[in-house]
Amino acid sequence: MNGEIIKEIIFTGEVLYREGLVNSHAGNISVREGDHLYITKTGSMLGYLKEDDIVKLPIFYETVKDRIASSELIVHREIYKNTEAKAVIHAHPVHAVVISFLTENIFVPVDNEGKLFVGEVPILDVEKPSGSKELAEKLSETFKNQNKKIVIVKKHGSFVIGNNLNQALKLTSDLEFCSKVFYLLKKR
C-alpha cells in the first residue's frame with residue numbers, strides 16, 4: 001500500500017467532514033495508481049479515517065475484496081476506465097443537493113468564483129442514484145463526452161474528478177460555495 005496516497009485520502013476525508021461536505025458515514029474517496037485504485041471502505045467515516053478504512057483494488061476486474069469497498073466502487077471504476085481522472089470524490093454538499101431539486105439538467109453559478117472555477121455543472125437524473133450500473137455509465141460518459149470535472153447527481157450529491165485529490169477537493173468545496181450563493185439569492 002502506498003503510504004502517501006493513504007495520507008492524502010485521510011486528510012481529504014477530514015477536510016470534507018470538517019467543511020460539512022459529507023455527513024458522518026456518507027461520501028467516498030478514491031485515487032488511481034496505475035491499474036489499481038485506493039478507495040474508502042463501505043460504512044467508513046470520512047472525518048475519522050484510519051489506514052484500515054482504505055482498500056486497494058484493481059480497476060479492470062472484480063475481486064472478493066470488492067464487498068468491503070464503498071458501495072460506489074462500480075462508479076469509481078467506470079470513471080477510471082473511461083477518463084484520465086487520477087482522483088474521485090463523491091460528496092453530499094447540502095446546497096449542491098438542494099440545487100439539484102431546484103434546477104433541471106444544468107447548474108450555472110452566478111458568482112464570479114463559481115463562473116471562473118466551477119463553470120456549468122451537469123445535473124444527472126438517474127433512476128437509481130446510488131452505486132448503480134446506470135449511474136456509473138452515465139457519470140463516466142458525462143465526464144468524458146462533456147469534458148467536465150464536476151457533476152451533480154439529482155437528489156444525491158456530487159462527483160468530482162481531478163488530476164489529484166487536492167484538485168478534486170478544491171472543486172468540491174468551490175461547488176458548495178457557489179451553490180450556497182445561488183440558493184441564498186433564490187431564497188430572498
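Predicted model: local features only at pLDDT ≥ 70, side-chain atom pairs only at ≥ 80, totals over all residues.
## Overall build

Let's start with the whole chain. The protein chain holds 6 helices and 8 strands. Going along the sequence, these elements come in the order α-β-β-β-α-β-α-β-α-β-α-β-β-α. The radius of gyration is 15 Å, close to the 16 Å that the globule rule gives for 188 residues, so the chain is as compact as a globular protein of that length. Along its principal axes, the C-alpha trace spans about 50 × 30 × 25 Å.

Of the 188 residues in the chain, 51% are buried. The accessible surface comes to about 9,400 Å², and carbon and sulfur atoms account for 50% of that area. If you take the contacts between residues at least 6 apart in sequence, 61% of them join residues at least 24 apart.

## The nonpolar cores

Now for the inside. The largest nonpolar core has 33 residues, and the members that touch the most others are Ile-9, Leu-16, Phe-107 and Leu-175. Helices H1 (3-18), H3 (94-102) and H6 (165-187) each give two or more residues to this core, as do strands E1 (28-33), E4 (87-91), E6 (121-124) and E7 (150-153). The biggest share comes from H6, with 7 residues. Apart from this core lies another one, made of 22 residues, including Val-55, Val-75, Ala-85 and Ile-161.

Leaving aside residues up to four places away in sequence, Phe-107 touches Ile-99, Gly-119, Glu-120, Val-121, Ile-123 and Ile-152, along with Leu-175, Cys-178, Ser-179 and Phe-182.

## Helix H5, side by side

Helix H5 covers residues 133-145, which makes 13 residues. From its first C-alpha to its last, H5 reaches 18 Å, close to the 18 Å expected at 1.5 Å a residue.

Which residues of H5 are buried? They are Leu-135, Ala-136, Leu-139, Ser-140, Thr-142 and Phe-143. These residues lie on the same side of H5, because they cover an arc of only 160° around the axis. The other side of H5 carries the exposed residues Lys-133, Lys-144 and Asn-145.

What do the buried residues of H5 pack against? Their partners are helix H2 (73-82) and the strands E6, E7 and E8 (157-162). After H5 comes Asn-147, which has a positive phi, near 55°.

Key:
Residues numbered from 1 in each chain as written. Heavy atoms only, no water. Core = buried A, V, L, I, M, F, W, Y, C linked by side-chain atoms within 4.5 Å. Buried < 20%, exposed > 50% of the residue type's maximum accessible area, 1.4 Å probe, protein only. Helix = DSSP H or I, 4+ residues; strand = E, 2+ residues; numbered from the N terminus. Contact = heavy atoms within 4.5 Å. Expected span 1.5 Å × (residues − 1). Arc of directions from axis to C-beta. Rg over C-alpha atoms; globule rule 2.2 N^0.38 Å. Areas by Shrake-Rupley, 256 points an atom, 1.4 Å probe, with all protein chains shown as cover.
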